[in-house]
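The sequence and structure are shown first.

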Amino acid sequence: MGVAEDSEPPLKRVKGPLEESKSLPEDHSTTKSVSCSLGDQMARPLTSQGDGETIGSQGVIRKAEFIKIITRALYSLGYDKSGALLEEESGIPLHSSVVNLFMGQVTNGKWDDSVATLRTIGLSDEIMKSASFLILEQKFLELLKMEKVAVALDTLRNEIIPLHVNLDRVHKLASCIISPSQCIRLGISGQDTEGTKG
């Protein structure tokens with residue numbers, strides 16, 4: 001009753017419109033539309049406007065920012081090689097060299113160097129103080145972990161307190177000097193600092 005033979009594997013079965021298209025002339029519009037794939041529509045390049053700094057039909061997308069968004073997405077999805085390749089090919093780095101230096105210093109536990117570099121990035125005073133506090137807090141906790149109590153106390157007195165940031169947290173840090181078990185009870189620890197250099 002007009003049903004295709006089921007003895008053929010599913011991919012080999014031919015159904016309705018394709019059987020009918022065999023009887024159509026070769027210059028019929030269905031053969032022309034098949035040659036254009038969806039990928040052709042999606043892969044068309046964005047048009048540059050004027051100086052090449054903006055892209056898109058409206059010219060409202062800044063090329064450098066668009067590249068950075070894509071690069072950040074690639075890194076966040078775990079495509080580090082693709083992100084690095086996009087940075088290299090486009091000539092548009094995701095971060096400035098100073099920010100890359102800063103991130104490397106923090107990752108390697110170079111607390112004093114990272115605070116010094118942080119001051120050169122050009123952040124607002126409030127953000128700079130808050131970020132410095134977090135870095136110096138990690139330095140303090142690492143010193144306590146290495147049982148360098150005098151140096152930790154010096155860091156607290158001469159580097160952390162003068163920032164005048166989060167004084168409640170400063171008091172909790174001070175209590176860690178008196179009673180290391182207090183740090184554990186407060187949930188304060190120098191975690192993720194194994195193998196770092198001060």
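In this predicted model, helix α8 (residues 125–145) packs against α9 with the axes 8 Å apart and an angle of about 165° between them. Because that angle is over 145 degrees, α8 counts as roughly antiparallel to α9. The crossing of α8 past α9 is left-handed.

On the α8 side, the contact is made by F133, L136, E137, K139, F140, L143 and L144. These meet V149, V151, A152, T155, L156, E159 and I160 of α9. By class, the residues of this contact are 10 nonpolar, 1 polar and 3 charged.

Elsewhere in the chain, Q105 is part of helix α6 (residues 97–107). Its relative accessibility is 11%, so Q105 counts as buried, the cut-off being under 20%. Leaving aside residues up to four places away in sequence, Q105 touches K110, D113, S114 and T117.

The average pLDDT is 77, and 67% of the residues score at least 70. The elements with the lowest and highest mean pLDDT are tabulated here.

| Element | Residues | Mean pLDDT |
|---|---|---|
| helix α2 (lowest) | 29–34 | 47 |
| helix α9 (highest) | 149–160 | 94 |

Over residues 29–35 the pLDDT stays under 50, and the model has 4 contacts beyond four places in sequence for this stretch. Residues 191–198 also have a pLDDT below 50, with 17 contacts in the model beyond near neighbours in sequence. Where pLDDT is low, predicted coordinates should not be read in detail.

How values were computed: Residues numbered from 1 in each chain as written. Predicted model: local features only at pLDDT ≥ 70, side-chain atom pairs only at ≥ 80, totals over all residues. Heavy atoms only, no water. pLDDT = per-residue confidence, 0-100. Helix = DSSP H or I, 4+ residues; strand = E, 2+ residues; numbered from the N terminus. Contact = heavy atoms within 4.5 Å. Axes fitted to C-alpha atoms, helices over the stretch in contact; angles between N-to-C directions. Parallel < 35°, antiparallel > 145°, perpendicular 65-115°, else oblique. Left-handed = near helix turned anticlockwise from the far one by under 90°. Nonpolar A, V, L, I, M, F, W, Y, C, P; charged D, E, K, R; others polar. Buried < 20%, exposed > 50% of the residue type's maximum accessible area, 1.4 Å probe, protein only.
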